[in-house]
Amino acid sequence: MEHNTNRLLLENMFIKVLSVEHIESTSIDFKNTVQSNVWIVVVHGDILLSINKQRHHITGFQMLHLTLHGSLSIKATTAARIYVIFYIGKIPHQDELLKALQQQASISRPISCYTLTNPWIVIEMVDNLYRQYEKQQMLGVQAYFHGLIARIFEEIEQQEYDNNKLQQALMYIERHLYHPITVQDVARYTQLSTQKLFTLFQLHFGHGPKKYIQEQQQQLAKNYLRKPNYQIKDIAKAMHFESEIYFSRIFKKWTGMTPSEFSEKSVSMKSDLSINNENHFHYNNIQLAQAKSFESRSNEQMLKKLATPFLLSLMLLLTACGNDTAQKAVKENNEPNTEKATTIVTDDVGREVEIPIKPERIVTDWYLGQVLALDVVPVGAVIANLDYAAFLKPYYKDGEITNIGTDGNVSLEKVVELKPDLIITWNKEDVEKYEKIAPTIVFSESAHQSAVEEVKAMGEYLGRQAEAETFVNDFEKRIKAAKEKIYSSIPEGATFTIFDLFEKNATIVANDSVSGGRALFQVLEMKPQEKVQELFETKESSGGRYEISYEVVGDYVGDYVFVINFFNKDGEFPPTWTNLDVVKNNETIELAPEYYFASDPLSALHQAEEMANTIVEVTK
């Protein structure tokens with residue numbers, strides 16, 4: 001394989017990094033005369049690169065390798081971040097084998113481009129390499145560079161492996177469409193875990209293998225319904241539904257139309273779509289023969305041949321989120337409706353949604369604190385958030401909440417397995433995929449005036465108004481006590497600041513932010529330092545913080561200073577920080593990041609009480 005050739009060549013070459021450039025700006029015009037090899041890492045941006053007047057347009061993350069010498073120009077008119085690494089790579093001792101490899105390797109071409117599926121580790125390694133170069137730690141630069149190259153080709157090899165496995169999975173599904181098949185079958189065939197298989201499908205199709213298989217069945221049903229010579233009951237039987245009624249109900253969920261309506265619409269549009277290899281679903285030769293046999297009206301023979309439980313189980317998975325049996329499907333059709341009572345609500349982005357009056361199996365991709373405040377433990381949530389919202393951990397038992405992934409990368413298959421009756425999300429863009437599993441509402445902190453209002457609103461959505469009222473009463477009582485404790489300990493007019501420290505700059509925590517900002521300034525209503533107040537009133541925060549230079553950090557010091565140091569734990573700080581009186585005298589109040597990177601009402605309550613206690617201790 002080509003990447004093996006690249007790896008072998010690089011492992012045996014003499015390599016030395018000459019220089020490293022880091023360019024991050026809203027407007028870039030970088031020029032250089034290249035006399036060595038170059039790696040260009042475009043982290044983000046819209047870049048126009050020119051090498052010896054050969055122009056290349058690059059958007060988003062890309063890695064380029066250049067062996068072409070001459071004039072290099074990199075331009076960007078929008079925000080961009082790039083690294084340029086100049087290095088030499090020579091074959092020692094005129095090794096003939098390595099010379100032959102050099103002729104074959106893609107990395108020896110004038111220009112090579114590499115796109116990685118998971119670039120973040122590579123970006124971090126490039127950043128560390130540049131930091132070593134800034135300090136002129138050239139041994140560290142060389143070590144990071146060799147590690148970087150190794151990582152790049154590991155990623156490329158993994159991508160090729162994943163692509164091969166995905167193709168195997170697709171071929172298996174195609175060949176076994178008319179046989180009993182599950183996601184576990186596909187995973188066993190490809191020798192992947194079901195989670196890895198889901199990740200591959202999610203990456204390439206935007207959803208898991210289960211939905212992919214179901215989509216093929218939907219397409220097949222549509223193709224048969226477009227043919228006027230097939231009766232709906234025969235199609236339902238061929239596709240292994242227990243009854244025509246059940247098939248009709250599922251088909252309407254797919255398309256918004258009953259099979260009869262879809263068929264009539266197709267006829268009216270004079271659709272003559274045949275079931276062949278030109279359709280979205282591709283059949284092998286055996287399946288083509290089966291389709292032709294079906295079309296030649298040998299329906300009864302074909303129905304018997306297709307009588308497998310595969311499609312029925314798939315459809316039940318779609319609607320019941322579990323491995324229900326055919327008997328259960330019949331029972332559901334014949335028994336009276338025993339579903340929970342529902343109500344229509346308008347969520348925080350104005351959508352009207354029908355949800356259970358009092359949902360019991362709740363999944364949320366963000367608002368864990370708001371739900372726990374109502375004495376409700378969701379069945380699924382983004383558990384990674386709890387690493388920075390540790391005040392929430394006593395409100396549930398280990399194993400009660402299933403981890404559904406990370407923020408922005410939720411496992412839909414895990415959500416399906418939990419059989420939720422309500423999903424609460426922060427992102428309206430995710431509603432379409434969530435509501436195929438369960439009723440979904442969008443909740444937004446910005447839609448509510450305070451922590452108290454958030455809990456009340458969540459109580460309305462979840463039918464827990466009484467629990468919300470109980471929490472609010474307790475919240476207000478405890479916050480009143482915390483305020484009185486503070487006011488009895490500090491002088492009138494005392495001011496406060498929260499610093500979140502980074503290596504190159506300090507930041508001021510915003511008054512509506514995590515990191516204690518909401519708890520201190522909104523819940524406890526403490527007075528910000530004068531220039532901090534000016535930031536709150538005149539500027540928009542970025543990620544809940546205001547970036548300031550260490551050169552002017554002293555201008556923002558309040559009478560009481562809280563500090564979070566998560567991003568530069570082992571780093572050094574400039575004298576403009578270490579020489580501050582409040583720092584020299586050890587009077588800053590440290591906030592533990594694992595408790596303060598959350599601003600939900602429940603976390604804010606505990607943060608406020610802890611802050612009150614520490615303020616009292618400091619004043620003593």
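1. Between which helix and which strand is the loop that holds Asp375? Asp375 is found in the loop between helix H15 (368–372) and strand S13 (380–381). Helices (H or I, at least four residues) and strands (E, at least two) are DSSP runs, numbered from the N terminus. The phi angle of Asp375 is near 60°, a positive value in a residue other than glycine. Asp375 counts as exposed because its relative accessibility is 68%; exposed means over 50% relative accessible area, buried under 20%, and partly exposed in between (1.4 Å probe, protein chains only).

2. The basis of these remarks is as follows. The structure is a predicted model, in which local features need pLDDT of at least 70 and side-chain atom pairs count only at pLDDT 80 or more, while totals for chains, interfaces and linings use all residues. Residues are numbered from 1 along each chain as its sequence is written, and side-chain values use heavy atoms, with hydrogens and water left out.

3. On the chain as a whole, the secondary structure comes to 25 helices and 24 strands. Of the 620 residues of the protein chain, 50% count as buried. Among contacts with a separation of 6 or more, 69% are between residues 24 or more positions apart; a contact means heavy atoms within 4.5 Å.

4. A second residue with positive phi is Ser515, whose value is near 65° and which is likewise not glycine. Ser515 is placed in the loop between strand S20 (506–509) and helix H20 (517–523). Is Ser515 buried or exposed? With a relative accessibility of 1%, Ser515 counts as buried.

5. Thr497 belongs to strand S19 (residues 495–501). Thr497 counts as buried because its relative accessibility is 0%. A polar atom of its side chain lies 2.8 Å from the backbone oxygen of Tyr556. Leaving aside residues up to four places away in sequence, Thr497 touches Ile508, Gln529, Val532, Tyr556, Val557, Gly558, Tyr560, Val561 and Phe562.

6. His606 is part of helix H25 (residues 601–619). At a relative accessible area of 17%, His606 is buried. Which residues does His606 touch, not counting those up to four places away in sequence? They are Phe391, Tyr395 and Arg478.

7. Helix H4 (residues 138–175) and helix H5 (residues 183–190) have axes that come within 9 Å and cross at roughly 130°. H4 is therefore oblique to H5. Axes are lines fitted to C-alpha atoms, for helices over the stretch in contact, and angles run from 0 to 180 degrees between N-to-C directions. Angles under 35 degrees count as roughly parallel, over 145 as roughly antiparallel, 65 to 115 as roughly perpendicular and the rest as oblique. From H4, the residues Lys165, Gln168, Ala169, Tyr172, Ile173 and Arg175 meet Asp185, Val186, Tyr189 and Thr190 in H5. The residues of this contact divide into five nonpolar, two polar and three charged.

8. Helix H7 (residues 209–225) packs against helix H9 (residues 244–255) at an angle of about 110°, with the axes 11 Å apart. H7 and H9 are therefore roughly perpendicular to each other. The contact is made by Gln217, Gln218, Ala221, Lys222 and Leu225 of H7 with Phe247, Phe251, Trp254 and Thr255 of H9. Its residues divide into five nonpolar, three polar and one charged; Ala, Val, Leu, Ile, Met, Phe, Trp, Tyr, Cys and Pro count as nonpolar, Asp, Glu, Lys and Arg as charged, and the others, Gly among them, as polar.

Note on methods. A polar contact is a pair of N or O atoms within 3.5 Å; within protein, one must be able to donate a hydrogen and the other to accept it, and residues adjacent in sequence count only if both atoms are side-chain atoms.
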